[in-house]
Structures are given as C-alpha cells and as structure tokens.
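I opened my notebook to write down what I looked up in this structure.

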Amino acid sequence: MRALPHPDPGRPPLTGPAAFIWWQAKRQWPVLLGAIGFGILGALCQAALPYILGRAVDEGLAAGVVERLIFWCTVLLGVGAVAIVANAVGHRFDVANWLRASLNASQLLGHHVTRSGAAITKELPTGEVVATVATDALRFGELFAGMARFLGGVVTYIVVALVLLNSSLALGLTVLIGLPVVAAILALLVRPLQRRQAAQREAQGRLTTLGSDTVSGLRILRGIGGEDVFAQRYRDQSQQVRRRGTAVAQTQSTLDALQVLLPGLFLALVVFLGAHLTVRGELTPGQLVTFYGYGVFLTQPLRAATMVVQHGTRAVVAARKMIKVLQVVPDVADEGTAAAPAPGASLVDLRSGLEAKPGQVLAVVAADPDASADVLIRMSRLIDSDTTVCWDGQDIRSYPLAAVRERIVLGEPTPALFTGTLATEVDARGGSTSEELLAALQVADAGDVLESLPQGLHGQIAEKGRSLSGGQRQRVALARALTTDAEILLLIEPTSAVDAHTEARIAANLRTARAGRTTVIVSASPLLLEHVDEVAFLGSDGVVRARGRHHELLEAAESGFEHARSYRDVVSRSMGEPGESAPESDELGDGGPGHGETGDGEEARGDQTLSRDSTEPAGATGKGVPR
C-alpha cells in the first residue's frame with residue numbers, strides 16, 4: 001500500500017465521464033493490473049475445480065480408491081488452496097484500487113474547491129459540492145474495485161466455453177450462447193437505472209442545500225415567523241428525494257431479482273440437458289458433475305458483470321457531477337513563475353495609487369466602504385482583475401500564488417469560523433505554540449472568549465461560531481489573521497462589531513504587535529485612525545486624493561482643502577450623531593445577549609459617540625498632505 005493522499009492528484013480530462021474514468025485507470029495501472037492478474041488466477045482456479053472434481057468422480061467409479069483418485073483429490077486440494085490465496089490477495093488489490101480512485105477524486109475536488117474560492121459557490125450550490133465530495137467520489141471508486149473480478153470472469157468464461165465445446169457441442173453452445181443472452185436481458189435495465197439514479201442524485205443535492213440554508217438561517221426565520229414555511233419546503237423536497245429513491249429501488253430490485261432468477265433458470269437448463277446426455281451415454285457421470293459445476297461457476301462471472309454494470313452506472317453519474325465541479329474556473333489563475341521578492345518589498349495598487357510601504361501601518365478611508373475594500377481585495381490577489389497590482393515593482397500575477405498567500409494575508413470583514421477547538425480555530429496554518437496563540441488573542445482583546453471556554457484553548461467552538469457573539473467572532477478571526485505573522489497584513493473593518501473601549505485597546509495592541517511589518521486597515525473609525533502611521537483617503541473615483549496623519553487631515557479640512565473636508569465628513573459619519581443607534585453589524589450567537597448589544601458585553605455603535613469624541617485631537621499641529 002502506498003501512502004495516501006498523493007502529492008499531486010493530477011489534471012484529468014473534463015471532456016466526459018469515459019475520458020475521466022480512463023484517465024484515472026491509467027494513473028493506477030500497476031495496482032489495477034495486479035488486481036486483474038490475481039482476479040484471473042483466482043477465477044481460473046475456481047473454474048478448474050469442477051473439471052478436477054469430474055475426473056475424480058470418473059476415476060473413483062471406474063477403479064475405486066486407487067492411486068489416480070488420490071492424485072486428483074490432491075490436485076483438487078492444491079488448486080483450492082491457490083484459489084483461496086489468489087482471492088485473498090486479489091481482494092486486497094480491489095480495496096487498494098477503490099481507495100486510490102475514491103481518495104484521488106476527493107483530493108482533486110478538494111484542491112479545486114480551495115483554489116476556486118468564491119467562484120465555486122457562484123456556480124454551484126453548497127450542498128451540491130458537499131454531496132459530490134462526500135458521496136460521488138466514493139461511488140466513483142467502486143467501479144475500479146469490481147473491474148478485476150469482471151475481467152477475470154470474462155477470461156474464465158472463454159476458457160470454460162472452449163472446454164465445454166470440446167466435451168459436448170450441444171452443452172457447450174448452450175453455455176456459450178445462454179450466458180450472453182442472460183447478460184443482455186439484464187443490460188436492458190442499465191439505462192433506466194442510470195437515469196433514475198441521476199434524478200435521485202440531483203434531488204438529494206437540492207435537499208442538502210435547502211437543509212443547510214434553513215439551519216444556518218433558523219434564527220432569522222424565527223424572527224420573521226417563516227420557519228414553518230421553510231420546514232414545509234424541506235419536507236416537500238425530502239418527499240421528492242423519497243419518490244426518486246423509490247424509483248431507483250424499483251429498478252434495482254428488478255435487476256437483483258433477475259440476477260437470481262435468470263442464472264437459476266439457465267443452470268436448470270444445463271442440468272436438464274446434461275442429464276439427458278448422460279442417460280443416453282454421451283456423457284460420463286463425472287462429465288455431468290463437471291457441467292453442473294461449470295453451470296454454477298459461470299453464474300459468478302454473470303454476477304460480477306451485473307455488479308460492474310451497477311457500479312459503472314453509478315461511476316458515470318458520479319463522474320459527471322465531479323466534472324461539473326472541476327469545470328468551475330477559479331477567480332485567480334496560478335500561472336506565475338517569478339521568484340518571490342525579498343522581504344520588505346512595497347505593494348502598490350495602480351488603479352487607486354495606494355502604496356503599502358514596508359513596516360508601515362496604513363489606514364484606508366473612502367466615502368464608499370466597498371471601494372476601499374475592493375482595493376485590499378485586489379492587493380491580496382483574492383481575485384484577478386484588469387488592474388495591475390505591483391509587488392516590488394512587478395505585476396503580482398507573475399509570482400506563484402502560494403508565495404503571495406504565504407506573505408500577504410487578507411482579513412475579511414465577515415468572520416468565518418469553523419467547528420473545532422479554539423486553538424485550531426486561531427492557528428490557521430498550524431505550528432504556532434500556545435504562547436503565540438495566547439498573544440494573538442490578547443492583541444485581538446479576545447480574553448473573554450478564552451475565559452468563556454472551560455478548557456481554554458482546547459475548548460470547542462460550535463459550528464460557524466454560533467455560540468459566540470458577533471464581536472467575539474470578529475475578534476477570534478482577527479487573532480487568526482495575526483497568528484499568520486504575515487509580512488503584509490490587510491484588514492477590512494476588523495473592529496466593526498466591537499464597542500469603543502474594546503476598539504481602542506485593539507488599535508493600540510495592533511500598532512505594537514505589527515511593529516516593523518506592513519499593515520493596511522480599511523476603517524473610518526477615529527479610534528483606529530489615531531494609532532496608524534498614515535491615512536490614505538480615496539475620492540469618489542476610487543483614487544487616493546489625500547494622505548497624512550489623522551490629525552493632519554483634519555487640520556487640512558479646517559484650512560479648506562476639498563478632499564480633506566470630504567475625509568472629515570466620512571470620519572464624522574462613522575462616529576454617528578449623538579443619540580443615534582447604529583444597527584448591529586452581525587447576527588448574535590445562540591444564547592447571546594439581548595437586543596441592543598453586540599453580544600459580548602459591548603455597547604452598540606450608537607453609544608460610542610462620547611468616547612470617540614473625547615479622543616478626537618484638539619488643536620493638533622502639523623500639516624496635512626492633501627493631493
């Protein structure tokens with residue numbers, strides 16, 4: 001057994017299921033050939049048993065317990081032992097083929113999904129993708145597990161047919177023609193079964209998606225009284241899956257019944273004809289035993305053929321689903337080959353003119369928050385666009401994507417948490433010590449999250465972090481970004497869901513923790529802006545129109561500079577009017593605080609006005625740097 005997964009799952013053809021299956025067969029041809037070899041050996045040994053048994057019967061009836069009878073009994077024992085070993089080793093190869101095909105398909109899908117990013121959810125429902133990875137990949141491998149026994153059966157069928165023709169032309173023709181007729185009758189059910197399985201698979205994917213959406217939005221549905229409507233939709237789709245599954249079961253049960261009935265009728269015919277030939281003296285009793293044994297034995301290749309038909313049908317349906325996922329074009333093409341720049345290189349977005357200088361903590365403010373977020377998304381190369389982003393003076397697309405991801409990290413505004421312990425949640429790249437994780441949580445002011453878990457770092461975080469409030473989830477996500485210790489850290493609204501006091505502590509901690517490394521933050525909060533080295537203000541056209549310290553830009557606004565006045569207006573709006581209550585920025589976790597709080601003991605944004613006003617500099621000196 002080779003270690004799995006493979007270092008490189010390969011690049012399969014996506015022209016159709018047949019090409020995909022053949023590509024996978026070529027990837028594992030040594031194991032596949034081994035399975036076929038032992039499958040043929042085991043089948044031939046089993047095929048030899050009726051012949052040897054017939055010879056032993058004839059020898060015993062003719063001369064009694066003599067040397068020839070003992071010889072054939074010894075041969076029977078030896079061939080049986082070889083068959084046992086060949087079947088045991090062949091089964092091991094069959095399992096290896098199944099695992100290689102299934103796990104390689106899962107690895108292919110996993111790698112492609114992670115590289116595709118948001119593009120995968122734009123093209124396909126989440127439930128469809130999950131079902132493809134969890135179910136279709138395993139069904140795809142079933143074909144390779146049964147292929148060896150099928151080919152072994154084909155070889156032994158030909159050998160047995162020749163032996164029977166040599167013994168009796170009538171019985172030989174009966175066996176040679178009868179089994180293909182039986183297989184052809186069974187094959188008539190393949191296409192209906194394939195259609196019904198595909199329909200059932202589609203319905204199952206929609207049900208998975210609907211269930212995932214309903215559960216994740218249950219709190220909102222309860223708030224608007226819509227849970228009964230969505231529950232009814234789930235029941236309706238579940239019934240649709242049941243009906244499609246019943247249709248599949250009807251065809252499958254018919255196939256299974258015929259798989260027993262038709263070979264049984266065929267065997268009865270062989271025994272009937274053989275008995276008549278024996279009575280007429282054309283066959284010996286031993287030859288009749290041989291023919292009966294072959295009649296029983298040849299049902300095994302037929303059964304193997306039926307199983308391959310079933311597995312092949314499922315594999316074709318699964319391959320179509322996998323191809324559909326693999327055909328999704330990623331948002332980012334990984335074609336760069338240039339050597340990554342030396343540490344300390346600047347990062348520049350040419351469309352906006354924003355430059356992240358080495359070791360600088362830079363804030364980006366814009367009248368349209370989406371415009372400033374788009375700049376950081378381009379600079380992180382989360383998507384590819386026509387706009388050029390230069391890293392060390394060279395197009396960032398010329399570098400390998402792995403090098404970009406290793407040194408440039410983007411923290412998005414919506415925190416996405418995963419099931420697991422707090423330690424694994426924060427240590428996204430692995431390898432961080434407990435001290436480093438605790439330090440990152442301290443910088444993000446997430447000590448209350450640590451204290452709320454009885455086992456601390458080893459405490460469990462519920463799915464999507466639903467046991468945490470919006471502010472707590474955001475701070476855990478910030479700690480996760482900090483543990484990467486990225487050379488360039490890009491943060492989009494990292495404190496939008498926390499109160500003013502918490503935000504002030506995070507701002508001070510960030511500046512200290514990121515000293516000497518480049519940090520770019522999208523935020524219009526004065527509490528953050530006071531702690532950065534420089535602020536860049538984007539005009540309505542998305543281009544940097546003013547740069548300077550926070551207080552310098554405010555002074556420039558008092559002096560009448562147009563873009564500085566626009567900057568002051570944006571910052572003032574972010575503070576809110578006195579008495580105004582801003583909406584919550586995130587959904588509360590289950591069991592979280594009541595309405596009007598962020599969920600972790602923090603006041604809503606509307607109550608931050610006084611604390612933020614109190615931190616506004618008065619009479620600051622220095623000159624702004626408007627453009």
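**A helix pair**

The model is predicted, so I noted its limits: local features need pLDDT of at least 70, side-chain atom pairs count only at pLDDT 80 or more, and totals for chains, interfaces and linings use all residues. Residues are numbered from 1 along each chain as its sequence is written, and side-chain values use heavy atoms, without hydrogens and water.

I found α5 at residues 126-167 and α10 at residues 285-297, packed at an angle of about 155° with their axes 11 Å apart. That makes α5 roughly antiparallel to α10 (angles over 145 degrees count as such). Axes here are lines fitted to C-alpha atoms over the stretch in contact, and angles run from 0 to 180 degrees between N-to-C directions.

Which residues meet? On α5 I listed T156, V160, V163, L164 and S167, and facing them on α10 are Q287, F291, Y294 and F297 (contact means heavy atoms within 4.5 Å).

**Cysteines and burial**

I searched for disulfides and the structure holds zero (the cut-off is a pair of cysteine sulfur atoms within 2.5 Å). Is C45 buried or exposed? C45 counts as buried because its relative accessibility is 10%, whereas C73, at 41%, counts as partly exposed. Buried means under 20% relative accessible area, exposed over 50%, and partly exposed in between, with a 1.4 Å probe and protein chains only.

For the whole chain, I noted that buried residues make up 47% of the 627 residues.

Notes. Helices (H or I, at least four residues) and strands (E, at least two) are DSSP runs, numbered from the N terminus. Angles under 35 degrees count as roughly parallel, over 145 as roughly antiparallel, 65 to 115 as roughly perpendicular and the rest as oblique.
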